[in-house]
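Here is my note on the model you sent. Please read it with the structure open.

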Amino acid sequence: MVGTNQNRFGMLKDYIVLARSNQKSKNGSHYAVLKVSAQKGEAHSFSVWDLDEASGPNIGDIVTLDMDVLKNVKFPKLADCGGFRSQRKATDADPLSALIPHPVSKASWDFCLDRLLALCSDEALVAFINQERNELYDKYSRQTAATSVHHAFKGGLLNHTYELLSMLLAMVPSLPELKLERCIIAIMFHDYGKLREYNPDTFEPTEYSFLMGHVYISAHVLHNKLNEAGINNSETVRIVHCVLAHHGEKEFGSPVVPCTQEAIIVSHLDNLSAKTYIVSESANMEKNFALGTTIVK
């Protein structure tokens, strides 16, 4: 049972930390943006000031908070958080641990890809997909898709990629004529650069995030892999275009905008996966700046 108790802070309640992003202000002060939840469909995000990178809580920790107090404090510190200091690591037996997302199973990943490949006819591209699928599963299952906002958990990169593939599979009967293999490969590699963009242990951005960015890294790695596999240049360029254009617009980080059927589909699937995840993990009537709206459930 989730614990609650009364003290000078009011009603305290146990929450589990779903995401954490370490930040630093202009004057060099450390703070952390935490996302916590006490039940499915509920989430709260807030900043805690004077909290350095070495101090908890971290993802998977349970903390005791008075959320009403936190909502009314502009720059909360440790002392404003009620039972914040009573943090502990969640165990598998703790009901709150079920709120921590987990990577999809290898069986689910393989089942989805197998069904998609059954609809494909380009033997060279099918062979390339089969060559890469297992290694990508292993790498993605240990990596986050972001520091916050969407799929910000260990295995988040895998789940985000799997969601795009699953949606593509469901949409195939209603899609216009296209080359499905291009979409599959582009989806599998569209966020590959996040393996280098984020530290796999802390999920913090690395220097690659600022020097190159995951869109370029993903496209560069995929381009080289396709060349090494002997895929003809015309096909390679169209697949890499899907990766370069997957953010949809230049102002959102795409060096080019989608100009092929496959690129448009990949871009919209990526956007749909990210935004629906954001909504699912937000609280009712929560102002979400990433979406520019207030979430209503």
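This is a predicted model: local features need pLDDT of at least 70, side-chain atom pairs count only at pLDDT 80 or more; totals for chains, interfaces and linings use all residues.

1. Start with Thr 144. Thr 144 sits in the loop between α3 (123-140) and α4 (156-171). Thr 144 is buried, with a relative accessible area of 0%. What does the side chain of Thr 144 reach at 3.3 Å? The backbone nitrogen of Phe 153.

2. Beyond four places in sequence, Thr 144 has several neighbours. Among the residues Thr 144 touches are His 151, Gly 156, Leu 157, Lys 194, Tyr 198 and Phe 203.

3. Now the hairpin. β3 (residues 30-37) and β4 (residues 44-49) pair in the antiparallel sense over 6 bridges. Ala 32 has Val 48 of β4 as its bridge partner. The hairpin has 6 residues between its strands, and Gly 41 in the turn has a positive phi of about 85 degrees.

4. Side chains alternate along β4. His 44, Phe 46 and Val 48 point to one face and are buried.

5. The largest nonpolar core has 44 residues. Leu 165, Leu 168, Ile 184 and Leu 222 have the most contacts inside it. Elements giving two or more residues include α2 (106-117), α8 (214-228) and α10 (261-280). The largest share, 8 residues, comes from α5.

6. Leu 165 touches residues including Trp 109, Leu 113, Ile 184 and Met 188. A second, separate core of 14 residues includes Tyr 15, Val 36, Leu 51 and Val 63.

Technical notes
Residues are numbered from 1 along each chain as its sequence is written. Side-chain values use heavy atoms; hydrogens and water are left out. Helices (H or I, at least four residues) and strands (E, at least two) are DSSP runs, numbered from the N terminus. Buried means under 20% relative accessible area, exposed over 50%, partly exposed in between (1.4 Å probe, protein chains only). A polar contact is a pair of N or O atoms within 3.5 Å; within protein, one must be able to donate a hydrogen and the other to accept it, and residues adjacent in sequence count only if both atoms are side-chain atoms. Contact means heavy atoms within 4.5 Å. Two strands pair if DSSP finds at least two bridges between them. A nonpolar core is a set of buried Ala, Val, Leu, Ile, Met, Phe, Trp, Tyr and Cys residues joined through side-chain atoms within 4.5 Å.
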